[in-house]
Amino acid sequence: MNLSRIISGQMYFYFDVAYCGMRQELTFDEDIDGRILKEALLKTQKVHPYIKWTIEEKNGEFFYKDTDTDVTLIEGDKDIVLGTDEFDGHLIGFVYYGNKLRMVLYHGLSDGVSSKRIMETLLYHYYSIKDGCEYKSDNILVKEAFEGCEYYAEPYEKDIPPFTKNDGPLDDPSEDEIFRFSQHEAVDTTSYVQCIRITDKAFMSFVKENETSPAAAFAVLISQTIQKMYPGNKKQIKINVPVNLRNVLGVTYTFRNTTGDVAIYYDPDKLMQLDIKDQCKSMRQRLKEKMAPDNLLSVAKSQVDFLNMTAGLNGYDARYDMYSSIPLPPSDSIFISYIGKLNADSYEKHITDVSIVSGARDGIVFNIYDCGGDFFLTCMKKGSLKDFSDAFCKHLKTYGLEANTMPEKKIKLNYVALRERLSLKGKRLYD
C-alpha cells in the first residue's frame with residue numbers, strides 16, 4: 001500500500017516517555033498449538049494488515065509503511081524489541097510459551113480499542129481452526145481489509161463535525177485540590193504491577209442493583225477504598241477515563257489511535273454522605289455527561305487544535321524539541337481504562353486469565369478486562385500496590401464481593417528502538 005501519513009496519535013513519535021512496548025497476556029486452559037496459532041495469525045493479518053507495518057519519517061512527519069513480511073511470532077518466554085531490524089521494524093509482535101499468549105504493541109500503532117479487536121480476531125481464527133468449526137463472529141472483525149477500507153481511516157483527516165460548545169462554568173477542582181498518593185507515601189520510582197480478579201456475575205449484579213455502569217462502579221469502589229486508607233482526606237479524587245472517539249468522528253472501525261481522556265471527580269465531602277446506590281448513580285451520571293457526543297467532539301477538537309499548532313514546525317528535531325519542552329502534567333489520582341467485555345463465542349471459557357500491562361504513574365492505572373467469567377484488573381503504580389490491593393479486597397467484602405489477587409511484581413517495559421532504526425534523536429528511558 002502507499003505510505004499513509006499519521007495525524008491522530010502522532011505525538012507518540014516525539015515523546016521520549018512514549019517509546020515503550022505495552023503487553024497484553026492471555027492464559028489458556030491448555031498449551032497453545034504453535035502451528036495453529038501461526039495459521040490463525042496469518043488469517044488475522046489479512047483483517048488487520050497494520051500488525052506487520054512499520055514507520056517511515058520524512059521531514060518530521062511519520063508514515064505507516066508495509067514491511068511486506070509476516071507478523072512477528074516467536075516461541076518461548078522472550079522479549080520482543082519492537083521497531084528493530086531483528087523484527088522487521090514491526091510495531092506489534094506475538095510470543096507464546098506453554099499456555100501463555102502475549103501480544104506486545106507500541107501505542108504509536110494502535111490504542112486499546114484496536115488492540116482488543118486484533119486479539120478477538122486472532123482468538124476467533126485460532127479456535128475455529130483448532131475445533132474444526134465456524135464459531136459465531138458477532139462484533140468481531142473478520143472481513144479482510146482492502147485498499148481504502150474504513151479500517152485504515154484517519155480520524156482527523158476530515159473536519160470535526162459541528163457541535164455545541166459547553167459554555168457552562170468549569171467544575172474541575174484546581175490541581176492543589178486533587179488527592180495524590182505521593183502526598184501520603186515515600187517517593188518510589190520503581191514501577192509495580194498487580195492483578196486483581198472479581199467474578200463477573202457477582203460484580204454485574206452489584207452494578208445492576210446500584211443502577212450504574214462497570215466503569216462508574218469501579219470509580220466509586222476504588223475511591224471509597226482510598227478514603228478508607230486515608231480517612232482524613234478532604235481532597236477530590238481525580239479519575240481519568242480514556243474514551244473512544246471513533247463513533248462521533250464517523251470512523252467506527254479504524255485501527256488508528258482515536259481516544260481521548262475525560263476526568264470525573266469523587267468529592268468525599270459530598271459523596272461519602274450518600275448511600276452506595278446514590279454514589280454509583282451520581283458517578284454514572286457524571287461519566288455520561290462527559291461522554292455526551294458534543295463533549296467527545298470537543299475533546300477531539302482540542303487534539304486537532306494542538307496538532308495544528310505543531311504543524312508549522314519544520315523537521316523532526318524542531319518537533320522533538322518542542323514536545324520535550326512540554327512539562328509532564330500532574331498525575332491523576334487514578335486512571336481507569338475499562339477495555340470492556342471480550343467479544344467471543346463459547347471458546348471464551350478457555351481463557352482463564354488476562355493482564356494488560358502499560359506504563360505506571362504516581363497514581364494507580366487500572367486496565368480492566370471482562371473475559372471468561374471474570375473481571376481482570378491489571379493495576380500499575382510507581383511504588384508498592386500491596387497496601388491498596390489489600391484494602392480494596394477488604395472493602396469489596398462489605399458489599400459481598402470477593403476478589404483474588406496475584407503477588408505484585410516489578411514492571412519491566414521494553415524500549416521500542418524505532419528511532420535508532422530511523423537515525424532520529426531521542427532519549428532511551430526503558431531497558
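The legends below accompany several close-up views of a predicted model.

**View 1. Confidence along the chain of the predicted model.** Across the protein chain, the predictor's confidence averages a pLDDT of 93, and 98% of the residues score at least 70. Helix α1, which covers residues 34-47, has the highest confidence, at 98, whereas strand β1, made of residues 4-5, has the lowest, at a mean of 86.

View 2. Side chains of opposite charge can pair when their charged atoms come close. The structure holds 27 salt bridges, and in one of them the side chains of R246 and D111 meet with a distance of 2.9 Å from N to O. Because R246 belongs to helix α5 (residues 246-249) while D111 sits in the loop between β7 (100-106) and α2 (112-131), this pair ties together parts of the chain that are 135 residues apart in sequence. Both partners, R246 and D111, are buried.

View 3. The side chains of K277 and E211 meet in a salt bridge, and the distance from N to O is 3.7 Å. This pair links distant parts of the chain, since K277 is in helix α7 (residues 276-290) and E211 is in the loop between α3 (200-209) and α4 (214-229), 66 residues apart. How accessible is the side of the pair formed by K277? K277 has a relative accessible area of 29%, so it counts as partly exposed, and E211, at 39% relative accessibility, is partly exposed as well. The backbone of E211 also deserves attention, for its phi angle is near 50°, a positive value in a residue other than glycine.

**View 4. A salt bridge between D269 and K234.** D269 forms a salt bridge with K234, in which the closest N and O atoms are 3.8 Å apart. The two residues come from distant parts of the chain, with D269 in helix α6 (residues 268-271) and K234 in the loop between α4 and β9 (237-244), 35 residues apart.

**View 5. A network of charged residues.** Salt bridges that share partners join three residues, R5, E61 and R319, into one network.

**View 6. The second largest pocket and its lining.** The second largest pocket holds about 570 Å³ of space. Its lining is made by 25 residues, and those that lie nearest the centre of the pocket are R23, E25, S355, V357 and K409. Several strands contribute to this lining, for β2 (21-28), β7, β8 (191-199), β12 (351-357) and β16 (409-410) each supply at least two residues.

View 7. N314 has its place in the loop between α8 (293-310) and α9, and it is exposed, with a relative accessible area of 67%. Although N314 and G60 are 254 residues apart in sequence, their C-alpha atoms are 6.6 Å apart in space. Another such pair is F163 and L296, which are 133 residues apart in sequence and 9.5 Å apart in space, again from C-alpha to C-alpha. F163 lies in the loop between α2 and β8, where it is partly exposed, with a relative accessible area of 26%.

**View 8. The backbone of N139.** N139 is found in the loop between α2 and β8. Its phi angle is near 65°, which is a positive value in a residue other than glycine. With a relative accessible area of 64%, N139 is exposed.

How values were computed: Residues are numbered from 1 along each chain as its sequence is written. This is a predicted model: local features need pLDDT of at least 70, side-chain atom pairs count only at pLDDT 80 or more; totals for chains, interfaces and linings use all residues. Side-chain values use heavy atoms; hydrogens and water are left out. pLDDT is the predictor's confidence in each residue, from 0 to 100. Helices (H or I, at least four residues) and strands (E, at least two) are DSSP runs, numbered from the N terminus. A salt bridge is a side-chain nitrogen of Lys or Arg within 4 Å of a carboxyl oxygen of Asp or Glu. Buried means under 20% relative accessible area, exposed over 50%, partly exposed in between (1.4 Å probe, protein chains only). On a 1 Å grid over the protein atoms alone, a cavity is a set of points where a 1.4 Å probe fits but cannot get out, and a pocket is an open set with protein on both sides within 12 Å along at least five of seven lines; lining residues have an atom within 4 Å of a point. Grid points are joined across faces, edges and corners, and a volume is the space filled by probe spheres set on the points.
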